[in-house]
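Hi everyone, thanks for making time. Let me put the model up on the screen, and then I'll walk you through a few spots in it.

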Amino acid sequence: MNERPALTRPDGTPVRVLVVDDEPDIAEVVTGVLRYEGWDVRTVGTGRDAVREGRDFQPDAVVLDIMLPDRDGLSVLRELRDEQPHVCVLFLTARDTVEDRVAGITAGGDDYVTKPFSLEELVARLRGLLRRAGMTRELAESALLTVGDLVMDEDAREVTRGGTGIDLSPTEFELLRCLMRNPRRVLSKTQLLDRVWSYDFGGQAHIVELYVSYLRKKIDAGREPMIHTVRGAGYVLKPAGR
């Protein structure tokens with residue numbers, strides 16, 4: 001069944017995933033399929049335990065039910081990110097409105113699946129998040145990408161503009177990498193969904209708009225813009241002033 005290459009931490013040890021869900025049947029089946037991937041998995045059923053276990057376990061990714069018995073999953077996410085700013089978070093939600101999705105992403109979630117969900121989809125989304133966070137040991141042809149005064153070190157996962165460091169989330173980093181690997185080329189929202197999110201995120205192009213706005217605030221704020229919207233076509237990254 002599982003012919004995909006194994007994902008490990010950069011040091012070769014198993015990926016660590018914390019599953020947070022108060023429904024025992026869901027938690028059990030999710031834990032089982034993730035362990036089949038070769039990952040180290042722990043499971044809790046409350047927000048309080050999630051924060052405690054997150055501090056102890058130091059997971060690489062968290063599968064987080066947005067509706068927990070003791071507290072809101074969004075508040076749990078904020079506490080987890082206080083401890084581990086770069087942990088990947090995949091929301092499980094029974095709510096599928098645009099407002100709910102945007103709320104979860106705005107709060108810092110990297111992706112989501114809607115109950116009832118396919119286990120294959122959940123694993124695929126987690127694998128995509130972990131790749132974006134640098135969990136694989138695949139080597140790029142060149143560690144440095146340079147567009148104008150914007151420089152990305154893919155190995156160190158560092159970005160600078162004009163020599164000033166820029167802190168990016170895993171998803172922001174991957175979106176910028178995609179744009180930097182295609183300088184001066186207009187990429188559509190569909191292309192960015194496919195290349196950055198791996199899955200098509202339910203066809204929700206608004207998630208691209210949201211993350212482009214995040215990037216602009218970090219890359220272009222107070223500087224001559226590099227990220228441009230081509231109306232009706234998509235987005236393009238090019239050196240400032242050109």
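What covers the buried residues of helix 1? The cover includes strand 1 (16–20), strand 2 (40–44), strand 3 (61–65) and helix 5 (119–132). Before I go on, a word on the ground rules: this is a predicted model, where local features need pLDDT of at least 70, side-chain atom pairs count only at pLDDT 80 or more, and totals for chains, interfaces and linings use all residues. Residues are numbered from 1 along each chain as its sequence is written, and side-chain values use heavy atoms, with hydrogens and water left out.

Back to helix 1, residues 24–36. Helices (H or I, at least four residues) and strands (E, at least two) are DSSP runs, numbered from the N terminus. The buried residues here are Ile26, Ala27, Val30, Thr31, Val33 and Leu34; buried means under 20% relative accessible area, exposed over 50%, and partly exposed in between, with a 1.4 Å probe and protein chains only. If you like helix geometry, an α-helix has 3.6 residues a turn, so residues three or four places apart point the same way. Just after helix 1, glycine 38 takes a positive phi of about 90 degrees.

Now, where does aspartate 60 lie? Look in the loop between helix 2 and strand 3. Aspartate 60 is buried, at a relative accessible area of 12%. Its side chain reaches the backbone nitrogen of arginine 16 at 2.8 Å.

Is glutamate 174 buried or exposed? Glutamate 174 counts as buried because its relative accessibility is 14%. Leaving aside neighbours within four places in sequence, glutamate 174 is in contact (heavy atoms within 4.5 Å) with Arg132 and Val196.

Let's finish with the backbone. Which peptide bond is cis, with omega near -10 degrees? That one runs from lysine 115 to proline 116, and proline 116 is found in the loop between strand 5 (111–114) and helix 5.

There are also positive phi values in residues other than glycine. Arginine 157 has phi near 55 degrees and sits in the loop between strand 7 (150–153) and strand 8 (158–161). Arginine 157 is partly exposed, with a relative accessible area of 27%. For arginine 184, phi is near 65 degrees, and its place is in the loop between helix 6 and helix 7 (189–196).

That's my tour, so over to you for questions.

Terms used: The expected span of a helix is 1.5 Å times one less than its number of residues. A polar contact is a pair of N or O atoms within 3.5 Å; within protein, one must be able to donate a hydrogen and the other to accept it, and residues adjacent in sequence count only if both atoms are side-chain atoms.
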